[in-house]
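Welcome, and thanks for taking a look at this one. Below is a short tour of a few local features, grouped by topic so that you can follow along in your viewer.

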Amino acid sequence: MFLYALTLQRPTAITSVIHGNFSGSKTQEILLARGRLLELYRLDVNTGKLYPLLTVEVFGIIRSLAPFRLTGATKDFIILGSDSGRIIIMEYNPIKNTFDKVHQETFGKSGCRRIVPGQYLAVDPKGRAVMIGAVEKQKLVYILNRDSSARLTISSPLEAHKSYAILFHMVGVDVGFENPTFACLELDYEDSDQDSTGEALKQAQQTLTYYELDLGLNHVIRKFSEPLDHICNILISVPGGIEGPSGVLLCAENYVIYKNVGEQGDIKMPIPRRVNDLDNPERGIIFVCSATHKTKTIFFVLAQTEQGDVFKITLQVEDEVVTEIRIKYFDTIPVAVSMTVLKTGFLFVGAEFGNHTLYQIAHLGDNDDELEFSSLNLPPPGESFLYSPRVLKNLVLVDELESLAPITSCIITDLVGEDTPQFYALCGRGPRSTLKILRHGLEVTEMAVSELPGNPVSVWTAKTNVIAEFDAYIIVSFINATLVLSIGETVEEVTDSGFLGTTPTINCCQLGEDTLVQVYPEGIRHIRSDKRVNEWRAPHKKLITRCAVNDRQVVIALTGGELVYFEMNQTGQLNEYTEKKEMGEDVLSIALGPVPPGELRSRFLAVGLRDETVRIISLDPSDCLQPLALQALPKAPDSLAIVEMGGTEAGEGVPSTRGHLYLYIGLRNGVLLRTELDMVTGELSDTRTRYLGSKPAKLFVVKTHGTQSILAISSRSWLSYTYQSRFHLTPLSYEALEYASGFSSEQCPEGLVAISSNSLRILALQKLGTNFNQASIPLQYTPRRFCIHPPSCRFIIIETDHNAFTDQTKKQRKQKIAEEIVQTASNEDQAVARTNAEAFLLENIPENIFGAPKAGTAQWASTIRLLDPIEKNTINLIRLEQNESAMSLVCCQFMNQPVDDWFLVVGITANFRLNPREVTGGAIDVYRINHDAESFNFLHRTTVDEIPAAICAFQGKLLVGIGKTLRLYELGKRKLLRKAENKHIPSFIVDIKVKGHRIFVSDVQHSMHFLRFKPMENSIGIFADDTIHRWITTSCLLDYRSIAVGDKFGNISVLQLAENVNDDVKEDPTGIRGLWDRGLLSGAGQKAEVICNYHIGETVMSLEKTVLIPGGPEALVYTTLSGTIGMLVPFTSKEDIDFFQHLEMHLRQEYQTLSGRDHLTFRSYYCPVKNVIDGDLCEQFNTIDPIKRSSIAEELDRTATEVSKKLEDIRTRFAF
């Protein structure tokens, strides 16, 4: 078996965020690291929207990211720390829209190792040096400079190692133009390592160490080291030189401390706490991330706590000495992994879980009534500053990047009968969790819908002159009339436009500088700007059947297949060409190309005829109306369009580039063809085919991101466009349309105006480049697993949160706090205290905004939810008791029960402590699902002594993994009845799959075990297992002998039993069997063979064998913790395997990964990659240099176009 790996949805989790002027212009860009991906976004400060510029797969793990700028420069460089054992310095090339590597310096082994640098990066604020550090021991400093040609240079590494030192964080200290200095949080564990009693560990102290790079002597010295009273987790550099006092802020548990060398004393400031907080009062508060904003006059730090509350920290300075720390509650936003403040007044937040957000800083919080806390007025010992969280006041949400991370489970099925399946994914954590419904297609925003007096046939938009930015008219054609609507603040009918309203319209557009043209069956109406009208009438007994227009040309087809050509002259007059062209067949469709910049006409006309051909005809004056090329088609062409695609828009300092001409052909049978049209000769080549739907395909030219695209309408609407140098053909997630045209207005610069039945709709397409659109259903706790109730197609979801309270416990705690408020008040304040207590009890803080209270370790809250995914509402909800956690579930039928009776079985754990794993017991609850699928009837509870982490229906019975014991149960009247068990699973059962009599059991640490149930003996025996340990998270049965598994380290493997495997093995309960007969590697006597192995780089959370497109072959689809959706598809021919193996081999040599990681070693991170070809690498073929592309294609005995076509075909054959 050979598999081809493809990514359908790139990772959406963010690990790091930086900003800078990477393009060298004045605009600021945001660079996001998404595990193994880099994404560059441009911020439009006028609209507050983020626009993606570039997405690059680095084929490695991005560990750290930092921007820097050389002194006096205007452009920022990017430093990348990865698992490649190399430091990478790169820059963004806006002309090519690529990241170019400037330097790549090797310093150590590859992989995420403790002592190999790359985990931490710190840059000197003046851009003179960079320090790259490992988790332990090693730190290297590189000097950055310019050579005589003003190119960036990098020195050899200077060592700043310290043995037995664990590094927590590092920053570059702003010391102006003195020697570059770096501050590190370190912990020396040498004494702890040698002390077996553990006393030294308790006394170990963290230190703040300054490392100074002596630029004169070219070496690094430990300038300063001071032990700390508190364990700190974050360092924040304070601006220095002329901009501030320099030094660092240390963020510790419950405190923030300012430190600086010299005479400056330490200033310690407690972190404020929420008033009347339901959190465990003994629990400390820490800052988890920060962002510094500085200008020439002010600077401040925004720091965020674990609860999501953001504080503004400022320093008061007198005579270059810090005298006071001031801290003020700013706002509450989702907890971030990384956040950054832009100079334009925006705050980007890379959320830990859920969607990432962009805020505009509307106020700095200086002049509001919020309390400001000062280090000069500290609270009494044992008390804290208190504040009340509130809704956003200083920040305004302006944009959001959707994120699936983390996906905990996923089911792929078609519940609504759309032919293509939907992805139902459990996403998020805590109160911000959701069930996301993903559909393949572009999200469509409905801007306006208007009912029309009849059923329209077609619609167009037109400007009044060529320099107008927005459209002026919407022209709607009916069977016997034309309606003209004026676009302004409102859309209303006009009668003085010059259009003929008593006849249907075939086509219309703005022509030349400021004229309009209307083509109707009897003639052509040329409308001047002063409303003078020139008319051309069709010959006697002939009607115009088809028409094509552009800025300067009009071509019409008359009945009988006669073509008449018109061209606008320099005076604005529309002149008819003297000769007419007889085609000899009825013309079914006709298209003109766009007029190239600086030219007077388009050279090519495409004509589709009833004889199932398309002909390219020249419009050049030297050979006007002469045929140039012909293409035979499988069916008659219903629609044609010629567009220029693949070019780029002009940007700030970046010239526009021209693309290629393409002829799109929509056939009567719903097939779309895309053919490249040679700009010089008119030859047709490289035809790509795609089935769109059951209706004839109609084509319309629209604009997206400033370039031409094609909207194809069949039984479903599709958009063909280019995005980041790649062609996309994506359906619109919207109801069926009948006709459409491009639309541009102030509210919707790039939209569509379309007709559907008797309504006119204005639509906007914004999230180009995405394969899925999302609908979300909010949940209360972190969703763990879910299943489908087959008769009703409803979901049953178990939600479980650690460190959480149930609703009942929260009420009790609130009541207790309210009583304390009254009890602690003096006699005079009793009335006020009672009022405050009542207000506190009535207060309802939304947890999805302000976070859920933290209960402490071994505190659990769970619910069982019955949800309708179609109506998107919760039908029923069962709340478990405090400290009961739902771990597994299955919806099944039992033997000897009515055929239409369905049962829900839930595995529950009580008082579960995670580390070390301890439980006081477990239980298996059984519910009968009512026939209306709206409620559960509790039947009974069966107690067990371990965690029931996996449950599976099996031949009318129930298989349950209880700790490391596999048990078979039958349904009894008062509890489940034990029928058989196997206690030979090594560690802990996490998943069970069944096929026939075979049982496939996943162990948390010891991979897969294959068991057989013997009904006659009522026993379960292990007959085979795996040869290596795998930390399995999910599995998927492929057939009776094969199973795919995913593990927590990001590997997907396919295990297969040999054909001659013997599953009729006998257990040895006595233990007296000979040692030589006990099996291989202390396991079963037979071993599964690994037939495929592939490293994804992210923890795999679900695997499912499914069909993604109607009538397509099966694929293995996976989802990951980082929000990635991908698939592995089997090859069907030896020729394809050979071709893609050689293509991958050539690209491994020719394509240089941005991280410097060797591709083969990355995909073989834990086990050598086997029988899997990396489709993501193969698709980089289209992005490499054209000369290299031709060279690789030549080695494969193909042209570069054929290779690209094959890459596109294999993707569209299985998915999208």
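## Briefing: strands, hairpins and a helix pair

Strand β29 is mostly covered, with six of its six residues buried. Keep in mind as you read that this is a predicted model.

**β29 and its partners**

- On β29, Phe346, Phe348 and Gly350 point one way while Leu347, Val349 and Ala351 point the other way, and all are buried.
- On one hand, β29 pairs with β28 (residues 336–341) in the antiparallel sense, over five bridges. Within this pairing, valine 349 of β29 is the bridge partner of methionine 339.
- Four residues separate the strands in the hairpin of β28 and β29, where glycine 345 has a positive phi near 90°.
- β29 also pairs with β30, again in the antiparallel sense, over four bridges. Here phenylalanine 346 has glutamine 360 in β30 as its bridge partner.
- The hairpin of β29 and β30 has four residues between the strands, and glycine 354 takes a positive phi near 90° there.

**Asparagine 355**

- Where does asparagine 355 sit? You will find asparagine 355 in the loop between β29 (346–351) and β30 (356–361).
- Is asparagine 355 buried or exposed? Its relative accessibility is 15%, and because buried means under 20%, asparagine 355 counts as buried.
- A polar atom of the asparagine 355 side chain lies 2.9 Å from the backbone nitrogen of serine 403.
- Setting aside neighbours within four places in sequence, asparagine 355 is in contact with Glu400, Leu401, Glu402, Ser403, Arg432 and Lys436.

**β10 and β11**

- Strand β10 (residues 120–123) is covered on both faces: Tyr120 and Ala122 on one side, and Leu121 and Val123 on the other, are all buried.
- β10 pairs with strand β11 (residues 129–133) in the antiparallel sense over four bridges, and isoleucine 132 in β11 is the bridge partner of leucine 121.
- Five residues lie between the strands of the β10 and β11 hairpin, in which glycine 127 takes a positive phi near 75°.

**An open four-stranded sheet**

- Four strands, in the order β75-β76-β77-β78, form an open sheet with antiparallel pairing.
- β75 (948–954) and β78 (976–982) are at the edges, each with a single partner strand, so one side of each has no neighbour in the sheet.
- Direction ignored, neighbouring strands of this sheet are turned by 25° against each other on average.
- Inside the sheet, strand β76 (residues 957–962) and strand β77 (residues 965–971) pair in the antiparallel sense over five bridges. Isoleucine 962 has threonine 965 in β77 as its bridge partner.

**Helices**

- Helix α6 (residues 1134–1150) packs against helix α10 (residues 1200–1214) at an angle of about 120°, and their axes are 12 Å apart. That makes α6 oblique to α10, and the crossing is left-handed.
- Which residues meet in this pair? Asp1136, Phe1139, Phe1140 and Leu1143 in α6 meet Val1203, Lys1206, Leu1207, Ile1210 and Arg1213 in α10.
- At the start of helix α9 (residues 1186–1195), a side-chain oxygen of aspartate 1185 comes to within 3.1 Å of the backbone nitrogen of isoleucine 1187.
- Just after α9, aspartate 1197 has a positive phi of about 60°.

Methods: Residues numbered from 1 in each chain as written. Predicted model: local features only at pLDDT ≥ 70, side-chain atom pairs only at ≥ 80, totals over all residues. Heavy atoms only, no water. Helix = DSSP H or I, 4+ residues; strand = E, 2+ residues; numbered from the N terminus. Buried < 20%, exposed > 50% of the residue type's maximum accessible area, 1.4 Å probe, protein only. Polar contact = N/O pair within 3.5 Å; in protein donor to acceptor, adjacent residues only side chain to side chain. Contact = heavy atoms within 4.5 Å. Pairing = 2+ DSSP bridges. Axes fitted to C-alpha atoms, helices over the stretch in contact; angles between N-to-C directions. Parallel < 35°, antiparallel > 145°, perpendicular 65-115°, else oblique. Left-handed = near helix turned anticlockwise from the far one by under 90°.
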